[in-house]
Amino acid sequence: MFNLPERQNAGCERFLEELESVPVNETTSGEVLARISEVGREHARACENCRQALNELVMTRQAIEPLRAGQKVAGPWFTTRVMAAIAAKEKEIEERNGVWISVRRFAPRLVALCALLLVVGSTWALQLRRAEEARRANTQQAEGIFDTAPSAPVNDDATSILSSGAEARP
């Protein structure tokens, strides 16, 4: 069918598209042809491939008809029952994975608590360090008999510059 000239192939494609749009409950070739356009009907009379496609469609629909006859029609509450079943399944999955959902909800609070503990702990450690330095300074004062204040650390560089500058002046 695809080896036909371009003009004829386009007509076959239009005909097949029209066949696809015919409702499924049309099961004879007359009913199907009645649902398509006049151009499609004329093309079906002229083209052997399209007549064969029409006959195959009709035979397929007739073969499936007994299966459709036993099909139950959905009641008015069908959608409600399906949605309730979906909600129940989602709830079951959520309960199964509920621990991880709780962890996800609890994680920001845990991070905030850890940050607060870090700030409080570092402040407390800094205060302990300052208290320890003050205690060491007090013990150094008690060691010296005549010194009432702790002595400043000696800066050798500054002392050498000052002493060398004093000797350089006449």
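**Overall picture**

I started with burial: 11% of the 170 residues in the protein chain count as buried. I kept in mind that this is a predicted model. Next I checked secondary structure and found seven helices and zero strands. Along the sequence, the pattern reads α-α-α-α-α-α-α. I also looked at the contacts between residues at least 6 apart in sequence, and 52% of them join residues at least 24 apart.

**The core**

Which residues make up the largest nonpolar core? I listed eleven: C12, F15, L19, V22, V32, I36, A44, C47, C50, L54 and V58. Two helices that each supply at least two residues of this core are α1 (6–21) and α4 (48–69).

**Along α4**

I then followed α4, which has 22 residues. From its first C-alpha to its last, α4 reaches 32 Å, close to the 32 Å expected at 1.5 Å a residue. I still found a kink in α4, of about 30° at A63. The buried residues I noted in α4 are C50, A53, L54, V58 and R61. Of these, C50, L54 and V58 also belong to the largest nonpolar core.

Setting aside residues up to four places away in sequence, V58 touches T27, T28, S29 and V32. V32 is another member of the largest nonpolar core.

**α3 against α4**

How do the axes of α3 and α4 cross? I read an angle of roughly 105° for helix α3 (residues 38–46) and α4, with the axes coming within 5 Å. That angle makes α3 roughly perpendicular to α4. For the contacts, I saw H43, A44, R45 and A46 of α3 meeting E48, C50 and R51 of α4.

**Two residues in the loop between α1 and α2**

My first stop was T28, in the loop between α1 and α2 (29–35). Is T28 buried or partly exposed? I noted T28 as partly exposed, because its relative accessibility is 33%. Leaving out residues up to four places away in sequence, T28 touches V58 and Q62. T28 and Q62 are 34 residues apart in sequence, yet their C-alpha atoms are 7.9 Å apart in space.

I then moved to E26, also found in the loop between α1 and α2. With a relative accessible area of 10%, E26 falls under the 20% cut-off and therefore counts as buried. What does E26 contact, apart from neighbours within four places in sequence? I wrote down E31, V32, R35 and R61. R61 is one of the buried residues of α4, and V32 is in the largest nonpolar core.

Key
Residues are numbered from 1 along each chain as its sequence is written. This is a predicted model: local features need pLDDT of at least 70, side-chain atom pairs count only at pLDDT 80 or more; totals for chains, interfaces and linings use all residues. Side-chain values use heavy atoms; hydrogens and water are left out. A nonpolar core is a set of buried Ala, Val, Leu, Ile, Met, Phe, Trp, Tyr and Cys residues joined through side-chain atoms within 4.5 Å. Buried means under 20% relative accessible area, exposed over 50%, partly exposed in between (1.4 Å probe, protein chains only). Helices (H or I, at least four residues) and strands (E, at least two) are DSSP runs, numbered from the N terminus. Contact means heavy atoms within 4.5 Å. The expected span of a helix is 1.5 Å times one less than its number of residues. The bend at a residue is the angle between axes fitted to the seven residues ending there and the seven starting there. Axes are lines fitted to C-alpha atoms, for helices over the stretch in contact, and angles run from 0 to 180 degrees between N-to-C directions. Angles under 35 degrees count as roughly parallel, over 145 as roughly antiparallel, 65 to 115 as roughly perpendicular and the rest as oblique.
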